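Please keep the sequence and the structure in view while reading.

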Amino acid sequence: MRIVRYSLDGQARNGVVVGDVVHEFPGGNAEPGAVVGSLAELTLLAPCDPRTIVCAGSNYAGQIAEKGRPWPQRPPLFLKAPNAITAPDAVILRPREVQRLEYEGELAVVIGRTAREVPADRAADFVLGYTCANDVTAHDWRDDGQWTRAKSADTFCPLGPWIETDIADPSALRITTRLGGRVVQDESTSDMVFGIGELLAFVTRWITLEPGDVLLTGSPAGVGPMVPGDIVEVEISGIGTLRNTVADRG
């Protein structure tokens, strides 16, 4: 099932995508409801509205090798603030002070039930589904130690286009990031250092995740700059493509 959020009459609503058509979402495992409209007609929102966004850094072997970083003994974690969430096809805004704005294509895990001290081998029981993410980063601000500012400016966490609930093996998905149509990242989630079960077990030892919260699982090698006018796409096999444009913040 593909679950979307869309805007109708100024309100956020949940829907289910069947083909290119959005239906009302009754909730749970119920069959899709009445037709709302086509994807082309509707304005999609980020597919969830998280209270907490936990992110894993340095979680792909290829990126660790590329950057010459030490092999992590435990998942390096940081947070992104909820104000950073933005929608598919929305604009990523580069702050005026930032010289280097970077894309980071990632697999996002959307939580389906309250997760506290989750055993690694039961992680799937707490997952609603998966979506595409771009962990946008202001490189200048990260280098000066300001990780909160570097990761959490408005529009720095595009998510979408929907939540895919039917993923049999999240450790065997292809992540491809394109910048202006050119492939800049291309890797399998099998390259992760810490799998989703390990990440959820580690995070929920101390941080309780609620339905709709998001875990970003790290970015493959190939992270690089994007500039105003660029179109950046994060495509994950079995899920879909998240597309955004970049512009200067006015």
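Two strands are said to pair if DSSP finds at least two bridges between them. The model discussed here is predicted. In this model, 5 strands form an open sheet with mixed pairing, in the order 9-20-19-15-16.

- From one strand to the next, the twist averages 20 degrees.
- Strand 15 and strand 19 (residues 231-236) run antiparallel and are joined by 5 bridges. Within this pair, Leu-179 has Val-232 in strand 19 as its bridge partner.
- Strands of a sheet pair through backbone hydrogen bonds, and the pairing is either parallel or antiparallel.

**Thr-176 in strand 15**

- Thr-176 is located in strand 15, which covers residues 174-179.
- Is Thr-176 buried or exposed? Its relative accessible area is 14%, and a residue counts as buried under 20%, so Thr-176 is buried.
- The side chain of Thr-176 is joined to the side chain of Asp-186 by a polar contact of 3.1 Å.
- When neighbours within four places in sequence are left aside, the residues in contact with Thr-176 are Val-183, Gln-185, Asp-186, Glu-233, Val-234 and Glu-235.

- Another open sheet consists of 3 strands in the order 13-10-18, and its pairing is antiparallel.
- The edges of this sheet are strand 13 (137-138) and strand 18 (224-226). One side of each is left without a neighbour in the sheet because each has a single partner strand.
- Strand 10 (residues 101-103) is joined to strand 13 by 2 bridges, and the two run antiparallel. Here Leu-101 stands opposite Ala-138 in strand 13.

**Helix 4 and Leu-200**

- Helix 4 spans residues 196-203 and is mostly covered, with 7 of its 8 residues buried. Among the buried residues are Ile-196, Leu-199, Leu-200 and Phe-202.
- Which strands do the buried residues of helix 4 pack against? They pack against strand 6 (53-56), strand 7 (77-80), strand 11 (105-111), strand 12 (127-134) and strand 17 (214-216).
- Leu-200, which lies in helix 4, is buried, with a relative accessible area of 0%.
- Although Leu-200 and Val-118 are 82 residues apart along the chain, their C-alpha atoms are separated by 6.6 Å.
- Not counting residues up to four places away in sequence, Leu-200 touches Ile-111, Val-118, Ala-123, Val-127, Leu-209 and Leu-215.

**Strand 6 and its partners**

- Ile-53 and Cys-55 point one way from strand 6, whereas Val-54 and Ala-56 point the other way. All of these residues are buried.
- Strand 6 pairs with strand 7 in the antiparallel sense over 4 bridges. In this pairing, Ile-53 stands opposite Lys-80 in strand 7.
- Strand 6 and strand 17, by contrast, run parallel and are joined by 3 bridges. The bridge partner of Val-54 in strand 17 is Leu-215, a residue that Leu-200 touches.

Definitions and conventions
Residues are numbered from 1 along each chain as its sequence is written. This is a predicted model: local features need pLDDT of at least 70, side-chain atom pairs count only at pLDDT 80 or more; totals for chains, interfaces and linings use all residues. Side-chain values use heavy atoms; hydrogens and water are left out. Buried means under 20% relative accessible area, exposed over 50%, partly exposed in between (1.4 Å probe, protein chains only). A polar contact is a pair of N or O atoms within 3.5 Å; within protein, one must be able to donate a hydrogen and the other to accept it, and residues adjacent in sequence count only if both atoms are side-chain atoms. Contact means heavy atoms within 4.5 Å. Axes are lines fitted to C-alpha atoms, for helices over the stretch in contact, and angles run from 0 to 180 degrees between N-to-C directions.
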